Amino acid sequence: MTVLQQPIARRAVLAGLTVAVASTAVSPAAADDRPPMKVFKDPNCGCCSGWATHMTDAGFAVTVVEAEDLKRVRSQAGVPAELAGCHTAEVGGYIVEGHVPAVAVRRLLATRPTATGIAAPGMPMGSPGMESPDPETFEVFLFGPAPGQKQSFGLYRGTEQA
Ligand SMILES: [Cu+2]
């Protein structure tokens, strides 16, 4: 090891220690944590704004990006066409497609499965942003990273697990 490399190696060790300390202290801090989330939506989509508000209320630091070509955003994000919703979000290294409840996103970020992301395809009645007096039960899917890879991430009704 050269003299120049040494401080970098020491810094890496210190960074590792910082991560270890932070993860043991995660429980009390979790409530104040505001994971940054980017929401790509069509400028004219009202239910997309409703969903962004739901995520903000649930404690995410949401940035809305008005996108002209959501189909392109979706395909670049690796969302299979059959799982398409009306908006696409990025949070914690994952993609969240459509009207997924915040509790499902929290579970995704807490369990960190090997996947591209989760999706609530279509426009489920009663889902966050699609509030309805007659909510339906809808499925959230975990998808990727391999093309076509998809499994259930649970059934939801309104903002909660069904
Ligand atoms: Cu919608």
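The site of the copper ion is tetrahedral, with angles of 87 to 117 degrees among its four donor atoms (four donors count as tetrahedral if all angles lie between 85 and 135 degrees). The coordinating atoms are SG of Cys47, SG of Cys86, NE2 of His99 and SD of Met123, at 2.0 to 2.7 Å; donors are N, O and S atoms within 2.8 Å of the metal. Along the sequence, the donor residues follow the spacing C-x38-C-x12-H-x23-M. His99, in the loop between strand S4 (94-98) and helix H5 (102-111), and Met123, in the loop between strand S5 (117-120) and strand S6 (137-143), are 24 residues apart and link distant parts of the chain. His99 is buried at 0% relative accessibility, whereas Met123 is partly exposed at 40% (buried, under 20% relative accessible area; exposed, over 50%; partly exposed, in between; 1.4 Å probe, protein chains only).

The model is predicted, and local features need pLDDT of at least 70, while side-chain atom pairs count only at pLDDT 80 or more and totals for chains, interfaces and linings use all residues. Residues are numbered from 1 along each chain, and side-chain values use heavy atoms, without hydrogens and water.

Val105 touches Met37, Met55, Phe60, Val91, Val96, Val100 and Ile118, residues up to four places away in sequence not being counted (contact, heavy atoms within 4.5 Å). Helices (H or I, at least four residues) and strands (E, at least two) are DSSP runs, numbered from the N terminus.

Conventions:
Donors = N, O, S within 2.8 Å, 3.2 Å for Na, K, Ca; no water. Tetrahedral: all angles 85-135°; square planar, octahedral: opposite > 155°, others 65-115°.
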